[in-house]
Amino acid sequence: MSENMRVALPVDTQERFEGASDSVSPSAVPGPLRRQGSLVPQRSIAGRSLVMVIAIMTFLACLAAGSAHLVSRAVADWTASIVSEMSIEVRPMPGRDIEADVAAAAEAARNTKGIIAVKVFSRAESEALLQPWLGTGLDIGDLPIPRMITLARDPNAKPDTADLARRLAAIGPSASLDDHRAFVTRLSSMANALIVVAVGVVALVLAASALAVGFATRSAVALNHEVVEVLHLVGADDDFVAREFERRFLSLGIEGGFLGAAAAAVCYFMAGILSTKFASTAAAEQMEAVFGSFQFGAIGYGLIALVAAVVAYSTAIVSRLTVKRRLRSMA
Amino acid sequence: MNDGIDPAPMIRFRHVGVRYGVGPEVLRDLTFAIAPYSFQFLTGPSGAGKSTLLKLIMLSLRPTRGTIEMYGSDVARMTEAQLTMVRRKTGVVFQEFRLLDHLTTFENVALPMRVQGRAEASYRAEVIELLQWVGLGDRMHVLPPVLSGGEKQRAAIARALIAKPEFLIADEPTGNVDPTLAHRLLRLFVELHRLGTAIIIATHDHSLMEQFEARRLVLGDGRLSIEEPMGLEEPLP
């Protein structure tokens, strides 16, 4: 250390204070003496309570964000599987030979560009499709059962559905084309509404968390009024004081965010295991139909980590802004 | 040190008044200046307004009227950064010490350096040297609640000195110590004054003031009168 950095001690003072000693030699200087502790007393902040509040808020936000992710993924799966197929329905009509109409419709589909596979459901297969609703043991041979033809789209070439519809209209009034567009549109609208609700829930939870942090910060500044005043009087500016509070609240935010995110991750992990274990049950099939496979995936866990990071960071920012506002009002 | 040329005032009060709320003025029409390198006592009976005047000087209170200039600038027009710079030129020894109880003696004394953003390695030896000089070399790891009154006083003084202030404010620095230590503390302040620090000591201890002839700012009934020393400042016996 250069001499001009030293405090000019009154060396000609003969009387020293009791226990006073001469200048310390460099070799006698011990290691770091500062305990790297916060200048804001830890006990002056309701740390445990705030961590629990942040953890609960993070958990709820992660559940909402995770649900949005699952719905979004399920919609993508539905859309991919639905739009890869179209169907032709041939209805029995008086005076028409349904078998001839089915054969003509299948032929028209095969001759349409962009259709790579055509599957005609026989009468027996069509009757089998009705079994879940009508049960078994009934003689439904006399019923006018429509016939179904499914068409697989070429993923690399968009089929000319308008041309196919014209050809089917030429065959007769009994055949009609369904490209599932209306169903997909309704499904997407519903799913998007769910995602918007989930994002809104995340935003509300984050806002509630920010309010709790702001309240705790104001309380901490009030409790540490003396500390803040001493810091100012020894030359600290508002930024320094705000950073000290920010550092303390950031550590609380990280702790609470981690706990909440970890709890949410465990929930989704367990839900994935349970959905796999009970995959063959009717309830699981219905759940899977709505929410997809329930496999959260790396993106889902990444989303949870992102929510936790946003909670921790927003905790720090809110505390910093709150402290600066309080200091301005105190000044 | 003063080279004989009358320097511009470090602090100048012009018709300053302070009132709390709607009550009467506790300080009335104060007009005075404090020069660099000067030494003065601030005295007066209890309740005369000494603490309020010190708060004005240490920028923790704004006057309700009048102007205060520090280092040539009107305090009321200073930015936050300017106020911080002025505070960093000022060392304060509080009557009640105001050490932070959750920090060790070392951390308390190092506080002015830490708030300036300096790395501990750059001031560690300096703080230790000062602590040893004031006799707290073996108490640097101790928290203030276990320090005696005299030790707290010395830690507070070390904290005020560590950043080499141009101006030192001491509020009743001998109020909690025995006469022997009070004498030693006064010697310390006098030595610091001789090394170039302007000093103001608030005290109502006449025996302390009689040990060193210096300018006296006497507060009474909210008004200030100034008693200049009769002769040159004399060293302590």
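So, starting at the N terminus, chain A runs α-β-α-β-α-β-α-β-α-α-α-α-α, which comes to 9 helices and 4 strands. Those are DSSP runs, H or I of at least four residues for helices and E of at least two for strands, numbered from the N terminus. Keep in mind that this is a predicted model, where local features need pLDDT of at least 70, side-chain atom pairs count only at pLDDT 80 or more, and totals for chains, interfaces and linings use all residues. Residues are numbered from 1 along each chain as its sequence is written, with chains lettered from A and ligands numbered from 1 in the order written.

Now, a helix pair. H1(A), residues 47-83, and H7(A), residues 238-277, have axes that come within 7 Å and cross at roughly 40°. Axes here are lines fitted to C-alpha atoms over the stretch in contact, with angles from 0 to 180 degrees between N-to-C directions. That angle is why H1(A) counts as oblique to H7(A); oblique is what's left after under 35 degrees (roughly parallel), over 145 (roughly antiparallel) and 65 to 115 (roughly perpendicular).

On to the core. The largest nonpolar core has 122 residues, and Ala61(A), Ala65(A) and Leu131(B) touch the most other members. A core means buried Ala, Val, Leu, Ile, Met, Phe, Trp, Tyr and Cys joined through C-beta atoms within 7 Å; buried means 20 or more other C-beta atoms within 10 Å, with C-beta atoms placed from the backbone. H1(A) gives this core its largest share, 17 residues.

And overall? Of the 331 residues in chain A, 28% are buried.

Technical notes: A residue is buried if 20 or more other C-beta atoms lie within 10 Å of its own, exposed if 12 or fewer, and partly exposed in between; C-beta atoms are placed from the backbone.
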